[in-house]
Number of protein chains: 2
Amino acid sequence: MLLQVDLAAWRQEAKDVIYLDANATTPLLPEVFEAMLPWLREGYANPSGSYMAAKLARRAIDEARGQVAELIGADPAEIIFTGGGTESVNAALFSMDRLVEKGTAVVSSIEHSAVLRWVEAQPRVVTRVAVTPLGRLDMTAFGRALNGAAYVSLMAANNETGVIQPLQEAAALARERGIPVHSDAIQAAGKILIDVRKLGVDMLSLSAHKFHGPKGVGALYVREGLSFKPSMLGGGQELDRRSGTENTAGIVGMGAAAACMKRANHQRLGEMRDLFERNVLQRLTGVAINGDVSHRLSNTSHLSFEQCDAAGLLILLDEAGVACSAGSACMTGKQKPSHVQMAMGIPETQAKSSIRFSFSCINTHEEAELAAAAVKHAVEKLRRIQGGGVGPVVIYSS
Amino acid sequence: MLLQVDLAAWRQEAKDVIYLDANATTPLLPEVFEAMLPWLREGYANPSGSYMAAKLARRAIDEARGQVAELIGADPAEIIFTGGGTESVNAALFSMDRLVEKGTAVVSSIEHSAVLRWVEAQPRVVTRVAVTPLGRLDMTAFGRALNGAAYVSLMAANNETGVIQPLQEAAALARERGIPVHSDAIQAAGKILIDVRKLGVDMLSLSAHKFHGPKGVGALYVREGLSFKPSMLGGGQELDRRSGTENTAGIVGMGAAAACMKRANHQRLGEMRDLFERNVLQRLTGVAINGDVSHRLSNTSHLSFEQCDAAGLLILLDEAGVACSAGSACMTGKQKPSHVQMAMGIPETQAKSSIRFSFSCINTHEEAELAAAAVKHAVEKLRRIQGGGVGPVVIYSS
């Protein structure tokens, strides 16, 4: 098959690719892959079976449930495994939509499309709370929005800018008024400490493949005592909270990845990201760091390059062996500027010149330096081609 | 970890287990596992990315889409990948529920719980059409039920008895009246030829792990030209019909399994199943074959054992190294007799003495004979323990 040939060639090349798109997805860590293998081979039994092999699969799932629970400070019984982050988010919002009859849906204007598109599709009025120019929730506007709110959905950290949101403060305000809070922590988990009790949220969504687990598996935390209405109906798996034969290998992989994240070295991530940014900013003019650098995931760098079209930059960087994104992976190919940058008040021209670089534990300090050099060359080339020259130094925001 | 120790011990034992629960789930075929491996390792890129690695993942997904389409005679563009069979079924019914405002939901009384529980949860009136004592749709009752129907959902083959339903005839009746038809073909795919054009269905659900693909991935066929309203909202993947980062490895595995199924040897499956049944029936009295043997999946044997409690039999068979189920895997542990058997008019006592044996290509003729011998011993032991003796020969149905 043609594909096999391409893969073989690519494997050679892949070794030289500097992968800086961890916010789009991450590779399985070797220990995650190893943990999954038995369940892709001899451990195939349906966990609902009555025989020994089925009971072993069931036990492996429960072990993974404990590992995921531990990552976010929850009890295992509060964890529901799903088919991915989008399903977790949709399931959380479905439940709140159905259980709270009246009131508005309060979300930030920079939520992921899994939140925004869900709430917009419901008959309920939606309040999109503004963010500051640095991409953090406007707490004053949020406080006002709580009047007449049915529920709140607020992300823990933004997927594009990496800006960490004031979730604990926001959840406290909502709790005072008895308003349930869901948090999309898909981008935050494994990158900052998440403690559902401390945060005071009622539901929280996770996606395994964002923290070196497999694709196609996610989890939803549902606080004990909170009413929950399932959206996936069938065989009654997951204590009737999410039907469908359990994906044992995927769930075990998510558990193993969660366990790895407990030992993650966020400081090293920050060092690499800072080294990269320092190198880029020292070598190029007309570069802006978007988002609040004092409240930012340690792995994310969202940069705007004056007089550079992001689409062109991505092509040059791909050629140079640097994998990164303009905005979120979900937005690639769409010509609209990101709603996140629009919400931050970033001008359209700047928004269209923005690239997200996101690091993970597979990267090295050397790669950070090589990537910065590649960015410098790509930006300079593009500026020459596009004819604008380097132009005046304008730092858009920092 | 304790689990690792157990697994090692179990691997030894697993070699001797005769796995006759293929309708609950199937192991990955070696070629499916091999096809998945690159996408669990170096092929991790998010298929929505703009760089080369992402484009390779995208191409692999499209190749798998073609393989799944070919299995059911569809066009690739008509295939939506999902997170599993339950999601496929729920998504199909969601779409029909939202797009057809008025009318009843017409389903058979032996549908899987993914269908039954979905329709029962909607405000719409549900007509559960009766089946014959042999477990096939009552076509007269079905014809009547179509009056005022919004849509139909009818399984291609029943998961418990293996009885193949008159789907083509039923779909033709519905089509005459312009009523859309969804079919849960999860248990049929890979076991009988499925051709969506010939069947004349509008939507059809598949689950990879039922035909030697991975768990956690399914597909939904949506006929070209049919309006479809997506239930999973977010990044707009799958042409905006199912959001969520694509599970590349799972999807590739489903494609590879579909390709394998095109070459499946159904005759061999039937030989093994028949050999098993012949041996059981020759050696034991008071055994009934449930369901229409002239319209039955070649891999499935659903038997009732007079004066034997299924729960007890399962324990003895597990000890003897035979893995099988009472009813569907989803129903294990629930003490209620199966709704499928109830709908067939099988008395409760008989229903509670029923076991499903389901074969797959990993089985051998020798295993069929060994399993029959194990069944004979287990039934005789249980009849001795339960004190009833062998009793009069009563063939409940055949």
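Predicted model: local features only at pLDDT ≥ 70, side-chain atom pairs only at ≥ 80, totals over all residues.
**Notebook: domains and copies**

Started with the domain contact in chain A: 25 residues of domain 1 of chain A are in contact with 23 residues of domain 2 of chain A.

I looked up where the bounds fall. The domain assignment puts domain 1 of chain A at 30-262 and domain 2 at 265-395. I also checked the spacing, and the C-alpha centres of domain 1 and domain 2 of chain A are 29 Å apart.

Domain 1 and domain 2 of chain A bury about 2000 Å² between them, and carbon and sulfur atoms carry 62% of that. Which three residues supply more than any others on the side of domain 1 of chain A? I got E160(A), T161(A) and K191(A), with 34% of the area that domain 1 of chain A buries against domain 2.

Then I went through the polar side of things. For the interface of domain 1 and domain 2 of chain A, the rule gives zero salt bridges. It does find eight residue pairs in polar contact there, both residues at pLDDT 80 or more. I sorted the residues of domain 1 of chain A that touch domain 2 of chain A: ten are nonpolar, eleven polar and four charged.

Last, the two chains. I laid chain B on chain A and got an RMSD of 0.0 Å, with a turn of 180° and a shift of 0.0 Å along the axis. The copies are therefore related as by a two-fold rotation axis. Both copies use the same surface, as 100% of the contact residues of chain B recur in chain A. Which residue of chain B comes closest to the rotation axis? I found G83(B), its C-alpha at 2.7 Å.

Terms used. Residues numbered from 1 in each chain as written. Chains lettered and ligands numbered in written order. Heavy atoms only, no water. Domains from an automatic or database assignment. Contact = heavy atoms within 4.5 Å. Buried area = accessible area lost by both parts, 1.4 Å probe. Salt bridge = Lys/Arg side-chain N within 4 Å of Asp/Glu carboxyl O. Polar contact = N/O pair within 3.5 Å; in protein donor to acceptor, adjacent residues only side chain to side chain. Nonpolar A, V, L, I, M, F, W, Y, C, P; charged D, E, K, R; others polar. Least-squares fit on C-alpha atoms with pLDDT ≥ 70 in both.
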